[in-house]
Amino acid sequence: MATTFKVLHSSRLRSADKAREGKFDRFVLYQADDGRTGSVLLPDESFTEPALVERVKKDLADARALIGKTFQT
């Protein structure tokens, strides 16, 4: 399923991951064409637009797999 998304915000942040101490990550807030919003985090040193597209594609697929499911505890 092809999806279009728009970047709403992007920030370069210090990584909170202990293994990446001293490095930066790129936080991206996006909105998909169906109105849903989401966010992804990518290592700043390997950030590219194609890497962003692939990460958002995976994020949307993961989210859509859960939408509409009902859980009982």
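This is a predicted model: local features need pLDDT of at least 70, side-chain atom pairs count only at pLDDT 80 or more; totals for chains, interfaces and linings use all residues.
At the N-terminal end, α1 is capped by Thr-48, a side-chain oxygen of which lies 3.1 Å from the backbone nitrogen of Ala-51. Just after the helix, Gly-68 adopts a positive phi of about 95 degrees.

In soluble globular proteins, nonpolar side chains tend to be buried together. The largest nonpolar core of the model consists of eight residues, namely Val-28, Tyr-30, Ala-32, Val-40, Leu-42, Leu-52, Val-56 and Leu-60, and each of β2, β3 and α1 supplies at least two residues of this core. For Val-56, when neighbours within four places in sequence are left aside, the contacts are with Phe-5, Tyr-30 and Val-40.

The loop between β1 and β2 contains Ser-15, which has a relative accessible area of 14% and counts as buried because this value is under 20%. A polar atom of the Ser-15 side chain lies 3.2 Å from the backbone nitrogen of Asp-17. With neighbours within four places in sequence again left aside, Ser-15 is in contact with Arg-20, Lys-23, Phe-24 and Asp-25.

Side chains of opposite charge can pair when their charged atoms come close. A search of the whole structure finds eight salt bridges, one of which joins the side chains of Glu-45 and Arg-20 at 2.7 Å, N to O. Glu-45 counts as exposed at 52% relative accessibility, while Arg-20 counts as buried at 14%.

Within helix α1, the side chains of Lys-57 and Glu-54 meet in a salt bridge at 3.3 Å, N to O; these two residues are three residues apart, about one turn of the helix, and Glu-54 is partly exposed, with a relative accessible area of 46%. The side chains of Asp-62 and Lys-58 likewise form a salt bridge, at 2.9 Å, N to O, and this pair also lies in α1, four residues apart, about one turn of the helix. Asp-62 counts as partly exposed at 41% relative accessibility, as does Lys-58 at 48%. Lys-58 and Asp-34, by comparison, are 24 residues apart in sequence and 16 Å apart in space, C-alpha to C-alpha. Finally, Arg-12, Arg-26 and Asp-44 are linked in a network of salt bridges.

How values were computed:
Residues are numbered from 1 along each chain as its sequence is written. Side-chain values use heavy atoms; hydrogens and water are left out. A polar contact is a pair of N or O atoms within 3.5 Å; within protein, one must be able to donate a hydrogen and the other to accept it, and residues adjacent in sequence count only if both atoms are side-chain atoms. Buried means under 20% relative accessible area, exposed over 50%, partly exposed in between (1.4 Å probe, protein chains only). Contact means heavy atoms within 4.5 Å. A nonpolar core is a set of buried Ala, Val, Leu, Ile, Met, Phe, Trp, Tyr and Cys residues joined through side-chain atoms within 4.5 Å. A salt bridge is a side-chain nitrogen of Lys or Arg within 4 Å of a carboxyl oxygen of Asp or Glu.
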